[in-house]
Amino acid sequence: MKIKITIKEEKEFKSHKMYDPDSDDVVDAETEEDHDDAGKDGYIHIDPEILRDILRDEGGAAGIDPFIDSDDIDADEDGIRDALEAMDDVGEHEEGDYILSDDEQIIIKVIEEEVRFVLEKRKKRKKKKKKKKKSSGKKDACYHKVKSRYKIWPSAYASGALVRCRKVGAKNWGNKSKKKK
């Protein structure tokens, strides 16, 4: 019988800084617990100002290569992408480039979203208010003939007369039939 022995190597934790991607806040992660807490709060390992500076140097938009080639960043491609995704003022274009937005664009974007939300809400309210109007019925010869003879329209008597007229036809309705004696 062979016994397999595995030796679990524990890496020694190295103290390092973690950065809030949306502010200037920096935390010193001196223990693994500090590191985990900062990670849960959204902190990243790369200084976001360095990432913003690279984007500014590239004219506000860049692919991943300038970040990887930078001597100031000591992280792999996945780490860089994660840091860029965590930043509110950086977006990814559908072509894959990362774009730095300025404060005015962010404010405009928020306002546009709010306006769109309010307009959609109004549309929904209007749809609820709009109800199909009932058709006023056929406006045939009987309608006009009966309506002209009744003062109160609509009324139960007028409606009954309209039904009787439609049964016999407009030409025949209203003509008294003479009874033979």
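These are my notebook entries on a predicted protein model, with what I looked up and what I found.

**Ground rules**

I number residues from 1 along each chain as its sequence is written, and my side-chain values use heavy atoms, with hydrogens and water left out. The model is predicted, so local features need pLDDT of at least 70 and side-chain atom pairs count only at pLDDT 80 or more, while totals for chains, interfaces and linings use all residues.

**Entry 1: the overall layout**

I began by listing the elements and found 7 helices and 5 strands. Helices (H or I, at least four residues) and strands (E, at least two) are DSSP runs, numbered from the N terminus. Read from the N terminus on, the order is β-β-α-α-β-α-α-β-β-α-α-α.

Next I looked up burial, where buried means under 20% relative accessible area, exposed means over 50%, and partly exposed is in between (1.4 Å probe, protein chains only). Of the 181 residues of the protein, 20% count as buried. The accessible surface comes to about 15700 Å², and 49% of it belongs to carbon and sulfur atoms. Such areas come from the Shrake-Rupley method with a 1.4 Å probe; for residues, only the protein chains shown count as cover.

I also checked contacts, meaning heavy atoms within 4.5 Å. Among contacts between residues at least 6 apart in sequence, 40% join residues at least 24 apart.

**Entry 2: the sheet**

In which order do the 3 strands of the open sheet stand? I read β3-β5-β4, with antiparallel pairing. Two strands pair if DSSP finds at least two bridges between them. The edge strands are β3 (61-62) and β4 (90-92), and each of them pairs on one side only. Between β4 and β5 I found 3 bridges in the antiparallel sense. Here G91 stands opposite I99 in β5.

**Entry 3: aromatic pairs**

How many aromatic pairs does a search of the whole structure find? My search gave 2. Rings of Phe, Tyr and Trp (its six-membered ring) pair if their centres lie within 6.5 Å; planes under 30 degrees apart count as stacked, over 60 as edge-to-face and the rest as tilted.

The ring centres of F67 and Y98 are 6.4 Å apart and the planes stand at 85°, so I call this pair edge-to-face. F67 is in helix α3 (residues 65-69) and Y98 in strand β5 (residues 98-100), so the pair ties together parts 31 residues apart in sequence. Both F67 and Y98 are buried.

For Y143 and W153 I noted centres 5.5 Å apart and planes at 90°, so this pair is edge-to-face too. Y143 belongs to helix α6 (residues 141-149) and W153 to the loop between α6 and α7 (156-168), so parts 10 residues apart in sequence are tied together. Y143 counts as buried because its relative accessibility is 11%, whereas W153, with 26%, is partly exposed.

**Entry 4: salt bridges**

Side chains of opposite charge can pair when their charged atoms come close. I looked for salt bridges (a side-chain nitrogen of Lys or Arg within 4 Å of a carboxyl oxygen of Asp or Glu). The structure holds 6 salt bridges.

One of them joins K17 and D28, whose closest N and O atoms are 3.2 Å apart. K17 lies in strand β1 (residues 16-19) and D28 in strand β2 (residues 26-29), so this pair ties together parts 11 residues apart in sequence. K17 is partly exposed at 43% relative accessibility, and D28 is partly exposed at 40%.

R81 and E77 form another, with the closest N and O atoms 2.9 Å apart. They are 4 residues apart in helix α4 (residues 77-86), so about one helical turn separates them. R81 is partly exposed at 25%, and E77 is partly exposed at 36%.

R166 and D140 also meet in a salt bridge (3.2 Å, N to O). This pair links distant parts of the chain, 26 residues apart: R166 is in helix α7 and D140 in the loop between α5 and α6. R166 is partly exposed at 36%, and D140 is partly exposed at 27%. I also noted that E49, R52 and D89 are joined into one network by salt bridges that share partners.

**Entry 5: a surface patch**

Which residues make a nonpolar surface patch of about 260 Å²? I found I111, V115 and L119. Patches are made of residues with over 30% relative accessible area and no salt bridge; like charges are joined within 9 Å, and nonpolar side chains (Val, Leu, Ile, Met, Phe, Trp, Tyr) within 5 Å. V115 lies in helix α5 (residues 103-129) and is partly exposed at 43% relative accessibility.
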